[in-house]
2 protein chains.
Amino acid sequence: MFEAFGFSERVLREAYWVNETTFWKPDPSQPDHIARSGRIEDTEEGLSEMPHVILSQARVHDFYLDVMRQGPRCLQPHYNRKFIKLTRDDRADYPVTVTVEYTPDGAPPVIETISARYVIGCDGARSGVRRAIGRDLTGDAANQAWGVMDVLVETDFPDIRLKSVIHSATEGSVLIIPREGGYLVRMYIELDKLNADERVAQKNITKPQLIAAAQRIMAPYSLDVKEVAWWSVYEIGQRLCDQFDDADKDVSPRVFIAGDAGHTHSPKAGQGMNVSMGDAFNLGWKLAAVLRGQSAPSILHSYSAERQAIAQELIDFDRAFAKMFSARPQTAKGAGDDTVDPAEFQLYFQKQGRFTAGTSVHYGPSILTSDAEHQHLAKGLTVGMRFHSAPVIRLADAKPVQLGHMLKADGRWRILAFAGENNDLQSLCSYLGSHSSPISRTTPAGADIDSVIDLRAVYQAPHRDLDLRDLPALLLPKKGKYGLTDYEKVFCADSGSDIFDMREINRTEGCIVIVRPDQYVASVLPLNAHQETTAFFDRVLLPQVGDRLIR
Amino acid sequence: MFEAFGFSERVLREAYWVNETTFWKPDPSQPDHIARSGRIEDTEEGLSEMPHVILSQARVHDFYLDVMRQGPRCLQPHYNRKFIKLTRDDRADYPVTVTVEYTPDGAPPVIETISARYVIGCDGARSGVRRAIGRDLTGDAANQAWGVMDVLVETDFPDIRLKSVIHSATEGSVLIIPREGGYLVRMYIELDKLNADERVAQKNITKPQLIAAAQRIMAPYSLDVKEVAWWSVYEIGQRLCDQFDDADKDVSPRVFIAGDAGHTHSPKAGQGMNVSMGDAFNLGWKLAAVLRGQSAPSILHSYSAERQAIAQELIDFDRAFAKMFSARPQTAKGAGDDTVDPAEFQLYFQKQGRFTAGTSVHYGPSILTSDAEHQHLAKGLTVGMRFHSAPVIRLADAKPVQLGHMLKADGRWRILAFAGENNDLQSLCSYLGSHSSPISRTTPAGADIDSVIDLRAVYQAPHRDLDLRDLPALLLPKKGKYGLTDYEKVFCADSGSDIFDMREINRTEGCIVIVRPDQYVASVLPLNAHQETTAFFDRVLLPQVGDRLIR
């Protein structure tokens, strides 16, 4: 996602890289001391071309703001607005009316009224937008208090620069997440169980108590906290909204909620920001497609359908993970049934790596994501899951690139054509270039041929063996004011890391992979499945017959 | 260098990557048509961890300006100043007086006088600063006219997105350098030989003539130029200044020249910006060290000594390369002695790859760069040449990093201690931590122990086998306001790409590698060469005995 928005390299430079994770449990010979019980690669080999990194949410926020500011519309957020209420009247051109209280710097608040086609409430766990559409978070009562602090610390604990999961015998658990910059460390610290109906605020937990708890858990290691940059105490509770929009069976959605407004959970696996960005990316391209007149408003139903299911999985995962984290190690004295074997925890942790990395998201069949009938043609590019990138060589300039990095966050659908053993895509390209093809039908008059559906091709032939001059014309499209050739549509397998092998693409037949604007695989089809390709796009994109900019 | 200044990833994202180079010569069966005669990897394997890339000088300029602006001093250039004259009076605190004409926007010019300790003239081939210190460029007369243009072009030439060297039979030569962004192409086009004393300006060469020449050379391929973004016509001349400062045998330098002010040549191998940045990087840290009171002004003599020699090599290379480029191919009809075998050109091109990449720079022995007596301890880290990076694993956080990327542009010297087979650096660290060591003697009171000389260690042991707690204290220095441990000094060999193998470091004995602030290897010494280490730093760094900030 960061690569698609053009700032992945800034994240890679600034972030802490989670390379390995260590596990600590009570020392069997001296259970009031912790001892290292395991050390693993944090991320399984081949999961992603990107490493697992940790970076302040504020920095990620900055990067997105930069993208907005530098975009063609020079967008900037309006700050200092508090949501008051909203109403919807479908007879109006702008059906949603939002009332906000605006507080200019140093001036008394004023009421503003905004008329909108669509509204997204990203206003957190106590979301006013969610309340206004009559929805609520439901779920577990919070009964476990946790503390979190970002600290500058001197310690003789040797793994202070590694992600470390520490279970003490009787004092609780600590999760150590080193932070970017080389010094700062985030510590998640287990505090007391809460009684029923007790809230964490009533416990009056102080910063010194937090530090003392961490010191007890990490004994015999010293923990000399020099500065607490930030700290907080929170309850773990997994709560979820049953629908992320205001639609009902007769009415299309106009108001959406995203992020914590729809799902809350412990911050333990770092999923808060990740899943919320996933919500927004899922919704963003759909709204843009509807507002541009490329797609019918009915596709908007898929946002709640897809993301609410993912949030449910997140909640389930988080509940199990938090429970395991809070349980006492089996080696603890007098431990009863409510215990966890640290080895089992470690195994669970490894298994859930894909979940934590966000790569296990799997959208069910819908108009946006077809069934898996032809999945055997590309077993490693699962329909409904993220497009799993692999290296390729760009033909025209011999540049080694990640194919997935060609999928920019520009709202375009992609057809990736993987050539079969004959290295021949002529028939497909002839069809896609014809008047009745989905590309021709969905591209507005005067627009570049790749402005709605972006066709890219990957050949099996080594790049030095393939002659540009033999390519179908559609793979060297003429674009822009001067009709200049776009040379960046065609790739060849990299013999060192062959995408056909890595993603189990059928070498004999090749295949078509349709990728959604949010990088999810929408369909895998045979190369000659012209009608199925057309049928797919007929469901998700509207034919362009003039100016379709709609309300 | 870009990595040391913190913006290499921006260059990598934006630049055109030169992955392969093709060679074209007259088709033997039809010599008025060109045909591809060769295709090679542009850069030899292992030359650098960075690829060969092409990016507009204006963008690189922007990146440096960003670094200046975001630095602690928030530096910004003063524009709109024209150099008028300078005088030097060594009796003054600020010995150099510079007169400039300042033209505020929309206002008449005013004369400004600047008093300076040091002045650097980066004012190009017609440098006023160079003239003011009585130096001149001397060298070959220009007798070959070349044109250069950045164009948006439609063509059926298949290698338009590859760096391509084209020799036609009778129409001259073209060098194609694709530019960043996917469309723009730079073309260097050979024009007529100039008569003696004829200047290119007298030829009145026009843009259409340039395009027509390119079209003739590239026949039978079409070349439909849609837009010329920029173009110029220039003479090839190699000219050099014999000294890059105003020193004589009795007087230390106060005024320097850098870049085109000291050396001009054809732009063919892309060396203009590269060598000029090398000039500035060489001089910058020396001036800073003198101004901070870390080094004696005598080190400033080394700037001209080192960089003038490099410029001479550049000129020699450029002369040979330009001659070879302008020569007619041997296959041309009626070609005489003044010809070049395209195969020989290609071979020369490959051989000179190191030169073009800037990695062949080799400074001779001086107080900054010792002799090669102990070179056998690290054969791949040549004294006087750039520190050739290799991958390592950072011990504390298991992060795979390039060791060379730890060498930031912060004016610090580095001692890189490569442990021998016993993985023991205790003796060296005890010495370097002692009161009489160069580190102790050159670090100002109250400053962090690594603020002048930055000690880093590389062990042969796999990183999981080495315990942080067993390290010498000097490798876990306490720094800053809180005395926090710096965990980023220690690395281990990466078993997949072992730096000891890659750089031929003696595994039995290990060694010390002293690296200059500009990333050049200053010395290779045995691990127990305590006195030699001290003697080296005694020559280049002053002991700190109070406030040494000098004029």
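In this predicted model, the side chains of A:R59 and A:D62 form a salt bridge with an N to O distance of 2.9 Å; the term covers a side-chain nitrogen of Lys or Arg within 4 Å of a carboxyl oxygen of Asp or Glu. Both residues belong to helix 2 (residues 57-70) of chain A, and because they are 3 residues apart, about one helical turn separates them. Helices (H or I, at least four residues) and strands (E, at least two) are DSSP runs, numbered from the N terminus. A:R59 is partly exposed at 27% relative accessibility, and A:D62 is partly exposed at 31%. Here buried means under 20% relative accessible area, exposed over 50%, and partly exposed in between (1.4 Å probe, protein chains only).

A salt bridge in chain B joins B:D150 and B:R186, whose closest N and O atoms are 2.9 Å apart. B:D150 lies in strand 10 (residues 144-155) and B:R186 in strand 13 (residues 185-193) of chain B, so the pair ties together parts 36 residues apart in sequence. B:D150 is buried, with 6% relative accessibility.

In chain A, A:R414 and A:D410 meet in a salt bridge at 3.0 Å, N to O. A:R414 is buried at 1% relative accessibility, while A:D410 is partly exposed at 28%. Over all chains, the structure holds 90 salt bridges.

Residues are numbered from 1 along each chain as its sequence is written, and chains are lettered from A and ligands numbered from 1 in the order in which they are written. Local features need pLDDT of at least 70, side-chain atom pairs count only at pLDDT 80 or more, and totals for chains, interfaces and linings use all residues, while side-chain values use heavy atoms, leaving out hydrogens and water.
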